[in-house]
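My notes follow the coordinates.

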Amino acid sequence: MKKKINLLILASILGLIALSIIQGYLINNTYKLKKDAFISETKRSVLRLDDFSAPLDSLNNIWQDKFLETLVDYKAKTVTKTEVINRLQHVIHTINEPFKQEYQNELRKNNIPHGIKFHNKVRTIVLIDSLKNDTIFNFNKTPRLIVLGDAISKENALSVNTNLWQSEHTSVREVDGENVKSTLYLMFYTEGVMGIDNWKTVIFKQMIGLLTLSLFIFSFVIALLYFSIKNLITQKNIAEVKTDFVNNITHELKTPLATLSLATSILKNPKVKQDPQRFEATINTIERQNKRLQKLIDQVLNNSLGYKEIQLHKESVHIESYLHTVLDDFLLTVASENVKLNRHFSITTKTSNIDKFYITTALLNILENAIKYSDKNTVIDFKVESNTQLKISISDNGIGISEQNQKQLFEKFYRAENQAIHDIKGLGLGLFYSYQIIKAHQGTLTVKSKESQGTSFILSLPQQ
Ligand code: ADP
């Protein structure tokens, strides 16, 4: 059975791990899909904005016009390539701030989420004339150049589109008193780049519902599994306890029944009938076994009571005389030469309000155990303190109880797992019942024990 449960636990853990991997995989896939959808949706919106915004167009025109003018000077060889780029950068610098502000305005107007940055990156600038192609700027050789827009960190940069600005520009210059007309063809390649600063947060927000739900379902499955296995273990323990109980009670009943059957056949014997002494002895045996059977049945019947079902009839009791009587009666029932009982009384409050019948039963259970679970010479220390509460501690020098076993000691049918379980008869009900009695008195019953050294039961009752 234990093996089966272990297998079940292992299978459940493996199942859970597999489930987590699948769940993780699905969440990751959803994340990627959402990310792609979000990025392409934003790209589309940004492109639309780039195509239809008049204010952005006019700002673009400013730098383009200036750039064409510079190119005329370049053609006339009055400026170098580096200067062309420097002048372009200078113009961009002067209009970049208004461009960025206008861009954000347009984003707002078009309900495109904030946190989007955009810039146009120059890839190549080529001048074409009838004789040759003249590359002014090529991103492969020169550091990248940005035309209008925000700086975007590399990890957030997403390419949106590539643009080509083609222009044919004619200019007239005076050279040596004559007007010389010159035409230039320009090819200006740029790449639109977008950066979404908080895209992870946006996607996370979109997925929060899904994440919460899957976390909830996952926790639910774990909890369900945990409680099912716990329940299974409890059921298994109960089944074991029940089997033990049936075995124990059968064992306990067998001896008196066998004796009774033997005694009855003895009584049938005509010789015994004529021998009054033997007859009397056999009748006494029958009476004793009968009492034993009655006690056993009472124990099972009474001990099924929980503290709520115990009906107390409390009375004011003189503590010292009451406890001495209980101890004296107890000593009468045991082979007193093997038992040493030390009594210590420290009484401030003389009386206590208790149910004598039940408290006697609880005390006798503990005292009988002290003898049952010890080797030959039992020493019992019976200490009583009575002030704001009545505290009775009963210590023995017996076999003791391991810490592990102490945890379940007051449970119904529980018997500690040790050698004594086989050698000493019992039903595992005495301490359960004592605990219920003390609880019904709103008191506490605790245990302190060390294996092979002894055990102390401490019983505390409120003084009412
Ligand atoms: P029973 O004695 O019929 O088994 P109890 O409920 O009285 O049932 O005790 C439960 C278990 O607690 C016992 O089986 C025994 O293992 C352990 N126990 C009780 N009292 C003592 C004691 N004084 N010393 C050692 N073990 C004890």
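I looked up Ala416 and found one of its backbone N or O atoms 3.2 Å from an oxygen atom of the ligand, which I count as a polar contact (a pair of N or O atoms within 3.5 Å). A polar backbone atom of Gly430 lies 3.1 Å from a ligand oxygen, and an N or O atom in the side chain of Asn369 is 2.8 Å from an oxygen atom of the ligand. The protein buries 98% of the 530 Å² that the ligand exposes when taken alone (accessible areas by the Shrake-Rupley method with a 1.4 Å probe).

I note that this is a predicted model, in which local features need pLDDT of at least 70, side-chain atom pairs count only at pLDDT 80 or more, and totals for chains, interfaces and linings use all residues. Residues are numbered from 1 along each chain as its sequence is written, and side-chain values use heavy atoms, with hydrogens and water left out.

Next I went through the shell of 20 residues around the ligand, where Asn369, Tyr373, Asp396, Arg415 and Leu431 come nearest. I sorted the shell into eleven nonpolar, six polar and three charged residues, with Gly counted among the polar ones.

Conventions: A residue is near a molecule or strand if one of its heavy atoms lies within 4 Å of it. A polar contact is a pair of N or O atoms within 3.5 Å; within protein, one must be able to donate a hydrogen and the other to accept it, and residues adjacent in sequence count only if both atoms are side-chain atoms.
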